[in-house]
Amino acid sequence: MSTLITNIAELMTQDLEHKVLKNAAMVIEGERIAWLGAAAAAPAADDSVDAGGRAVLPGWVDSHTHLVFAGDRTAEFEARMAGESYSAGGIAVTVEATRRTTDFDLTRLALARVAEAVAQGTTYLETKTGYGLDVEQEARSARIASTVADEVTFLGAHLVPAGSDADAYTELVCGPMLDAVRPYVRWADVFCEEGAFTAEQSRRVLEACRSAGLGLRVHGNQLGVGPGVQLAAELGAASVDHVNYLAPADVTALADSWSGWDPETGSGRRGTVATCLPACDLSTRQALAPGRELLDAGVQVALASNANPGTSYTSSMAFCVATAVLQMRLSVHEAVRAATYGGALALHREAGNDADGERAVGSLAVGHRADLHMLNAPSATHLAYRPGMPLTYAVWRAGVRAR
Ligand SMILES: N=CN[C@@H](CCC(=O)O)C(=O)O
Ligand SMILES: [Zn+2]
């Protein structure tokens with residue numbers, strides 16, 4: 001079954017050539033993109049959809065969320081808006097509520113959050129554990145996460161639970177907890193920050209998880225200049241997320257991590273993506289991550305929602321894109337790229353075609369997964385020009401209409 005989508009005013013492909021086509025059309029066939037190009041040259045298909053002069057871009061790839069949780073932290077947010085600063089300690093409130101919630105309710109809550117994200121154009125999504133913090137609860141979170149998200153990350157090293165010794169807890173994370181979550185997860189993450197895990201503890205967790213075959217991610221440099229970025233780059237992490245406070249050597253390490261990598265062939269050593277989380281920065285009243293400076297230095301950048309009840313209770317990637325343009329000085333094309341191709345790069349899902357087992361997400365090209373976001377607007381510029389407006393008109397996920 002093939003479907004022709006025609007009368008597309010702007011088709012922002014975010015492919016390796018950065019093509020933006022005007023008066024375009026595309027054909028999707030099953031889960032894949034079968035053709036794209038000028039509307040006048042479109043082939044016939046079984047079915048057709050008139051885009052009515054709207055813009056089409058890849059579905060958002062949200063590479064950083066924490067959706068498996070219960071409870072909310074309104075009081076903490078109100079205190080922050082009254083002048084308190086964010087600290088890692090708030091995580092314990094969510095851990096408490098999450099532990100008290102049944103599997104059924106936790107799954108229902110997580111699924112509802114995924115549905116909210118899809119309704120706003122997200123077609124590929126990562127989520128993390130990290131609100132369980134004991135062996136049984138982390139395994140439960142990982143199991144539930146694996147039923148609701150495309151990618152699951154083990155974040156047992158989110159906070160040292162009250163009453164635990166930090167080094168003893170780190171050993172638990174690296175041993176029995178890792179064994180228990182291993183069947184459900186592809187990635188491991190650590191909150192490497194003052195008040196969470198030290199550089200030594202973070203290294204220990206990341207090395208143990210790497211030995212278990214997991215890819216690495218790091219929450220780093222959120223609350224101050226710290227060791228997270230350097231550790232991520234040294235260990236070959238797929239991404240380091242937050243990146244608010246960076247020394248010049250951090251930017252250099254991130255840029256250098258990609259030298260020698262060829263995006264066309266995927267050959268050479270992959271580097272570490274810098275993932276900026278603007279909704280979190282606003283909600284914690286931090287200075288926005290220096291996305292402009294990172295791009296100018298040659299760093300690969302992603303934008304993600306960091307949806308979680310503490311620092312960023314939103315899954316709106318459109319909000320992140322608008323903020324990146326209006327406040328971080330990215331162009332619309334750069335911001336959309338970071339929220340699509342950049343997220344895919346951070347999850348090692350940017351490549352894959354008809355011949356591969358996995359289809360690329362985050363960009364539109366023949367053989368890639370048909371993950372499309374149609375806006376109720378003639379161009380992607382409207383995402384920043386009309387911030388906060390409900391611009392998602394239609395969504396296809398793996399070729400299936402999801403909204
Ligand atoms: N910074 C660490 N972890 C989350 C916040 C978790 C929470 O406060 O509940 C984040 O990415 O912002
Ligand atoms: Zn996070």
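Predicted model: local features only at pLDDT ≥ 70, side-chain atom pairs only at ≥ 80, totals over all residues.
**Stop 1: aspartate 189**

Now show what surrounds it. Beyond its neighbours within four places in sequence, aspartate 189 contacts Lys128, Thr153, Phe154, Leu155, Ala157, Arg217, Val218 and His219. Pick out His219 from that set. The side chains of aspartate 189 and histidine 219 make a polar contact of 3.0 Å. Follow that contact to the next stop.

**Stop 2: histidine 219 and the zinc ion**

Centre on the zinc ion (ligand 2). Which atoms coordinate the zinc ion? They are His64 (NE2), His66 (NE2), His219 (NE2) and Asn306 (OD1), at 2.0 to 2.6 Å. Along the chain, these donors follow the spacing H-x1-H-x152-H-x86-N. Histidine 66 lies in the loop between β5 (60–62) and α1 (74–81), and histidine 219 lies in strand β9 (residues 215–220), so this pair ties together parts 153 residues apart in sequence.

Check burial here. Histidine 66 is buried, at 2% relative accessibility. Histidine 219 is buried too, with a relative accessible area of 3%.

**Stop 3: ligand 1**

A polar side-chain atom of histidine 219 lies 3.0 Å from an oxygen atom of ligand 1. For histidine 66, the corresponding distance to an oxygen atom of ligand 1 is 3.4 Å. Now select arginine 73. One of its polar side-chain atoms lies 2.8 Å from an oxygen atom of ligand 1.

**Stop 4**

Switch to cartoon view. Trace the open sheet of eight strands in the order β5-β6-β7-β8-β9-β10-β11-β12, with parallel pairing. Its edge strands are β5 and β12 (301–303), each pairing on one side only. Neighbouring strands of the sheet are turned by 25° against each other on average, direction ignored.

Zoom in on one pair. Strand β10 (residues 239–242) runs parallel to strand β11 (residues 273–276), with three bridges between them. Click valine 240: alanine 274 in β11 stands opposite.

**Stop 5**

Select helix α6 (residues 199–211). It lies across β7 (151–157), β8 and β9. Against β8, α6 runs at about 180°.

Move on to helix α7 (residues 228–235). Why is α7 largely enclosed by the rest of the structure? Because six of its eight residues are buried. Colour them: Gly228, Val229, Leu231, Ala232, Ala233 and Leu235. These buried residues pack against β8, α6, β9, β10 and α8 (248–256). After α7 comes glycine 236, with a positive phi near 70°.

**Stop 6: tyrosine 184**

Finish at tyrosine 184. Find it in the loop between α5 (166–181) and β8 (187–192). Is tyrosine 184 buried or partly exposed? At 31% relative accessibility, tyrosine 184 counts as partly exposed. Not counting residues up to four places away in sequence, tyrosine 184 touches Ala139, Ala142, Arg143, Ser146 and Val152. Last, draw a distance between the C-alpha atoms of tyrosine 184 and isoleucine 144. These residues are 40 apart along the chain, and the separation is 8.9 Å.

Terms used:
Residues numbered from 1 in each chain as written. Chains lettered and ligands numbered in written order. Heavy atoms only, no water. Donors = N, O, S within 2.8 Å, 3.2 Å for Na, K, Ca; no water. Helix = DSSP H or I, 4+ residues; strand = E, 2+ residues; numbered from the N terminus. Buried < 20%, exposed > 50% of the residue type's maximum accessible area, 1.4 Å probe, protein only. Contact = heavy atoms within 4.5 Å. Pairing = 2+ DSSP bridges. Axes fitted to C-alpha atoms, helices over the stretch in contact; angles between N-to-C directions. Polar contact = N/O pair within 3.5 Å; in protein donor to acceptor, adjacent residues only side chain to side chain.
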